Amino acid sequence: NLRQKFKSLSQRGLALLNRLLAYHPEKRISAQDALEHAYFAEHPLAKDPSMMPTFPEIHGQSLRAKKHPLPSEEVSSSAAPPAKKKATGPNPLGSKRPAVP
């Protein structure tokens with residue numbers, strides 16, 4: 001039961017959450033309708049994003065970037081990728097095209 005899990009959530013918040021988690025797609029609320037839901041007009045109103053706290057950077061890199069680097073940042077420039085071996089022999093799938101490593 002969502003009411004037991006989210007005890008401090010208002011009735012409007014609970015109604016929105018129920019509609020967001022609806023299993024049947026036709027009964028699920030759309031993203032646009034969710035953004036316009038009455039829950040977001042309740043007091044206290046949400047803060048302006050400029051009022052939200054920020055997190056310090058470490059050596060020019062944010063904490064999030066350090067813990068979860070982008071795929072392009074994961075490859076180290078000092079370590080070369082291992083060389084790929086060319087496949088030889090028949091294609092294991094049985095087609096006439098050459099095997100691709």
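Me: Is H37 buried or exposed?

Reply: Buried means under 20% relative accessible area, exposed means over 50%, and partly exposed lies in between, with a 1.4 Å probe and protein chains only. H37 has a relative accessible area of 16% and is therefore buried. The model is predicted: local features need pLDDT of at least 70, side-chain atom pairs count only at pLDDT 80 or more, and totals for chains, interfaces and linings use all residues. Residues are numbered from 1 along each chain as its sequence is written, and side-chain values use heavy atoms, with hydrogens and water left out.

Me: Where does H37 lie, and which residues does H37 touch, not counting those up to four places away in sequence?

Reply: Helices (H or I, at least four residues) and strands (E, at least two) are DSSP runs, numbered from the N terminus. H37 belongs to the loop between α3 and β1 (57-58). A contact means heavy atoms within 4.5 Å. With residues up to four places away in sequence not counted, H37 touches R12, L16 and I29.

Me: Which residues of helix α2 are buried?

Reply: In α2, which spans residues 11-20, the buried residues include G13, L14, L16 and L17. Seen down the helix axis, the buried residues of α2 fall within an arc of 160°, so they line one face; the arc is that of the directions from the axis to the C-beta atoms. The cover over these buried residues includes α1 (2-5) and α3 (31-35).

Me: How many aromatic pairs are there?

Reply: A pair of aromatic rings is described by the distance of the centres and the angle of the planes. Rings of Phe, Tyr and Trp (its six-membered ring) pair if their centres lie within 6.5 Å; planes under 30 degrees apart count as stacked, over 60 as edge-to-face and the rest as tilted. The count here is 1 aromatic pair. The ring centres of Y39 and F40 are 5.3 Å apart and their planes stand at 70°, so the pair is edge-to-face. Y39, at 29% relative accessibility, counts as partly exposed, and F40 counts as partly exposed at 46%.

Me: What pattern does the protein follow along the sequence?

Reply: The order is α-α-α-β-β-α-α, which comes to 5 helices and 2 strands. Of the 101 residues, 10% count as buried.
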